[in-house]
Number of protein chains: 4
Amino acid sequence: MEKPLILVDPLPRTLDSICDHETRSRLEQLGRLVISEDAAMPDDLVDRHLPEATLLLGQTAMPRDRIARASRLKAIFNVETNFLPNVDYAECHARGIWVLSPTSSFAEAVAESALGMAIDLARGITVADRAFRNGEEKFGLAGNERSFMFTRAPVGIIGFGDLGRKLRALIAPFRNPVSVYDPWLPDDLIRSHDCSPIGLDDLLRSSRVVFMFASVTTENQGFIGKREFELMRPGTAFLLMSRAAVVDFPEFLRQVESGRLIAATDVFPKEPVDAGDPVRHVEGLLLSAHRTGGMVEALHQIGRMVVADAELILRGLPPQLCRRADPSVASRLRSMPAGTR
Amino acid sequence: MEKPLILVDPLPRTLDSICDHETRSRLEQLGRLVISEDAAMPDDLVDRHLPEATLLLGQTAMPRDRIARASRLKAIFNVETNFLPNVDYAECHARGIWVLSPTSSFAEAVAESALGMAIDLARGITVADRAFRNGEEKFGLAGNERSFMFTRAPVGIIGFGDLGRKLRALIAPFRNPVSVYDPWLPDDLIRSHDCSPIGLDDLLRSSRVVFMFASVTTENQGFIGKREFELMRPGTAFLLMSRAAVVDFPEFLRQVESGRLIAATDVFPKEPVDAGDPVRHVEGLLLSAHRTGGMVEALHQIGRMVVADAELILRGLPPQLCRRADPSVASRLRSMPAGTR
Amino acid sequence: MEKPLILVDPLPRTLDSICDHETRSRLEQLGRLVISEDAAMPDDLVDRHLPEATLLLGQTAMPRDRIARASRLKAIFNVETNFLPNVDYAECHARGIWVLSPTSSFAEAVAESALGMAIDLARGITVADRAFRNGEEKFGLAGNERSFMFTRAPVGIIGFGDLGRKLRALIAPFRNPVSVYDPWLPDDLIRSHDCSPIGLDDLLRSSRVVFMFASVTTENQGFIGKREFELMRPGTAFLLMSRAAVVDFPEFLRQVESGRLIAATDVFPKEPVDAGDPVRHVEGLLLSAHRTGGMVEALHQIGRMVVADAELILRGLPPQLCRRADPSVASRLRSMPAGTR
Amino acid sequence: MEKPLILVDPLPRTLDSICDHETRSRLEQLGRLVISEDAAMPDDLVDRHLPEATLLLGQTAMPRDRIARASRLKAIFNVETNFLPNVDYAECHARGIWVLSPTSSFAEAVAESALGMAIDLARGITVADRAFRNGEEKFGLAGNERSFMFTRAPVGIIGFGDLGRKLRALIAPFRNPVSVYDPWLPDDLIRSHDCSPIGLDDLLRSSRVVFMFASVTTENQGFIGKREFELMRPGTAFLLMSRAAVVDFPEFLRQVESGRLIAATDVFPKEPVDAGDPVRHVEGLLLSAHRTGGMVEALHQIGRMVVADAELILRGLPPQLCRRADPSVASRLRSMPAGTR
């Protein structure tokens, strides 16, 4: 029997970047690969191969008419970990084509970084290193005037998807009371992770450390603004790990510059950041250049998850590791969460 | 019945620094306090009160003859968390006087800081913040060329007392294989904490992250020298959390300056550090001014542990929270571990 | 705006059996209920209401033509926790109708019972109680000649869905090495639960305690037969928690009667069991009358999960707690797993 | 240098029963063994060897005059795991002789058994097996009328030593709220195990499952009597795992016979139990013939712990695994806890 045809169109990623050697071998075992490595697959190539294709790995545009011609297609894997609007999800759904993405690939990398940054803010690690280099260090107790223990500090998590849940698992030994705000999830699910479901305002008022993992949607842009920042108690640590657009960024900077809040951010309204951007000199802000997720290990996780699910699908079984596109949700998501580049 | 007499001689600490309000009240319930708050208790005061004293909180010299006169004494609590050579431990032992110290008071504070620093080294958090401030940041993958995942990285812990065990508990969700070198402990105890007992050389060769928590003893000064540093693989992260004297410090700096190792240190051969000390400018070194333990919460833990055990002892029960002085060990310890000031 | 119409046709369950008071209130908040409590909803009633119905809770037959008329239908919830062949899954899929079932409702109840039974077998609890009542007890060590420690014993789990994963979580503190055989799952998923993926034969050879949670499919009936039982080492404990049909039941009984294996079973080829069935007198067999799952708490969990997901769906969000029917799988499943009655 | 002399006088145990092959080899490496295997070591043999002995493993009487002649003795290891009144603890203390016992040897065996029995009581496992054998089983829900979920049920632990703490660790995944009554321990220690310190009456009133691990002392005989049993809510499960003497045993049986409580017991006022003792026929009582601790694995743990600590002591280091005798406590303890035979 002929091996199934697999289209690989991973731009802006490359197949090499998302597959370690072993994963690549497993993929090659699965079928004949048609790969467009350095550029998007040309339309004529897509159109020529689609009728034979069983799997599509990549972000190729898949409008209704293309789907109609892809009569053998069993699954589309988005390897950017982001459901884009260039796929007709309803049509795929109607034809029983899985639309999948390994959205949790970056969760370990982002979550460990987020915890490192949270302890950094609580204990003043980077600030104290900078002071030491400037000859302004203070030893012992005197050096901890603005520090607090992360252990047992009340934690609030905004957005409880893969990243938030992984972070929650990592902090378990610290015994923090953890509140979660995520209006897309039932309370029982939140409780099953030993967290308390809570309203946004109450979360902001009661937490000493706030992790922002919420994706940007059509509905929540800038939903943390002046009013919300002022609900937080002075000295609260705020970690912006998803997208700059979920906060009123200028107000965010004002809060940190004024010393009311301390903060870390992995994302910026414009990336890269201008050379002269004053964000570079905010004292209480821990700066990270959209790098919490971009680890080789996380990228290789994309390949592992995609290939494992592809193996199942070709055996007639449902996928187990990737997330399935939910049409209603896919259309609400605006952009990719932090760490997915 | 008259309340027991309690001598309080906590220098270099003060009773206020180690007791929150509630703990102070509990202590006052226990007995009549004779306190020397700002200076060591004068000898004549000690000598006058000792025959009546039931408890001694502090670092008062207690040679054999004083112990002989302290006929009601039930316990001596060192509140510096350090067994000093000015107590005749054997004589206390012979007379059934508990000699105790709340040595684990600082474990939570030091361990969470150590974990924060370890993630910082693995993921380049402080280095990346500094680059960002200097206009040299790199976004995404490019910014992680020298980063590695702390998750699942092989960890080695040297010295497995309160600090090492607390750190081990905190990193459990990261699923690191953890090796421990501690020649004072039986293998089964190390295994019971889900760690592998291992020789020092093997630990250094196999770990990606090495935590140094060993106290200085008469036997182990400078036991990590050139030979040992060279056993570590390039890129290993070394965290010096106990005392500078356990390493050959100049060699340590050379290893980090050369880029072979990355490191964090909370301790220095001379504290405070001279203004012109070149240690301030070592690029791969995360600097902490002996401040990982010195948190108000940790100091208050001293009072809580001492008062809780004092309550038990006055009821005729054995103490449960403080460590008991082991004569043979007390004489080997040279100086206090990090975080105890 | 008029409240949505919700058809409730839960036979063989009743709405009261699956909803506690609070859940029932939440359901009534969601819409107008049309309930058929003691009998299956009559066809004419179904047909009359379907065009208005937004949700269907129950096991009502839903062939293609009915689905076509249910133009407002957003979701079908199977509350028997079992995907039946009387629904046209492909058509639901094509029309974007969720087909859902709270399959994990019984996981807590079954898993805690399975652990209790496993410790019972390892330590001889029920057997020893019976001996005591018969005047044949042996004290201390002599009473443990055939006992073994469940702690650290090699465990094998066959079938790693909700039940297997919950059991795995419950036994974590016992530090068992855990192997899993589940041909429907990728190895990485199994590893992410701290288990080793393994072939069936190796699992049987290497485990001291084997938990059978596999559902019956068209392919696996009687897949544990004489050959497989003989792979197990003498004294292995085998717990049959899913369906009698996955084993060769007469051979199973022979193995236990002969003393080669010890076992527990919650399921039988014919239920109820005949009065004279010799299964009642097998000495090494712990007998449970299909009761590990049938707890009021588990039934109420059905209602909680269904109502929580219904709330999300009516807000335009994807469900989070129920399992979604996978057409390919639904057609393979033959019958309901243990504990779902 | 001559190897140290080690006296081995383990009656009522034997050296073989407490040492596996590897442990025995390690012990023989440590020194020259003088062993009295089948009977207590004769006085003349003890007296002849004591002046040379460095270690004593066993329950040999050690009054003051013998200790005085044992000038090289460094440690006495009680291998019955029980501090007996035939040792002059104060004199040992005064001479710096460790008096030790591996009291936690039985903790794993007893705790897993206790958990198995607790689930058994909650879910009616043994009772249902007996009914099935008698042809009186009920299937499904009907068979669970008197069952309750152990998961999340309020648990009370009386006596929080090695056994209680091990049990607490084992039940962590069940998410029970856990209350502890132990008047010998500070509240902070109890809290550090994620338990709530509580008074005895409140524990009895609020718990659904009560574990009794308290040792018998001169002060607590029969401290659970009619008044205390009546504080418990109907249907409470009571597990007597330590000594029969801590309860009013006849009242205990009345409570279970009446159906008010369900219970398990590993201990009896008189062991072995008389053939005609009506305790054998109490329906709601799970019977265990003092066998929860008596596992070969637990006995071998004695040897492992003793030899590991002996190795340390001979190197001049303090012991780490055995418990040290506290003179004040040793004199209060009346008899050995369950599972130590």
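A:Glu112, A:Arg133 and A:Arg291 supply 16% of the area that chain A buries against chain B, more than any other three residues. This is a predicted model, in which local features need pLDDT of at least 70 and side-chain atom pairs count only at pLDDT 80 or more, while totals for chains, interfaces and linings use all residues. Residues are numbered from 1 along each chain as its sequence is written, chains are lettered from A in the order in which they are written, and side-chain values use heavy atoms, without hydrogens and water.

The interface can be summarised as follows.

| Item, chain A with chain B | Value |
|---|---|
| Residues from chain A in contact (heavy atoms within 4.5 Å) | 58 residues |
| Residues from chain B in contact | 58 residues |
| Salt bridges (side-chain nitrogen of Lys or Arg within 4 Å of a carboxyl oxygen of Asp or Glu) | eight salt bridges |
| B:Asp129 to A:Arg130 salt bridge, N to O | 3.1 Å |

Within chain A, A:Ala107 belongs to helix H6 (residues 107-123), helices being DSSP runs (H or I, at least four residues) numbered from the N terminus. A:Ala107 is buried, with a relative accessible area of 6%, where buried means under 20% (1.4 Å probe, protein chains only). Beyond its neighbours within four places in sequence, A:Ala107 is in contact with A:Asp162, A:Leu163 and A:Lys166.

Methods
Helix = DSSP H or I, 4+ residues; strand = E, 2+ residues; numbered from the N terminus. Buried < 20%, exposed > 50% of the residue type's maximum accessible area, 1.4 Å probe, protein only. Buried area = accessible area lost by both parts, 1.4 Å probe.
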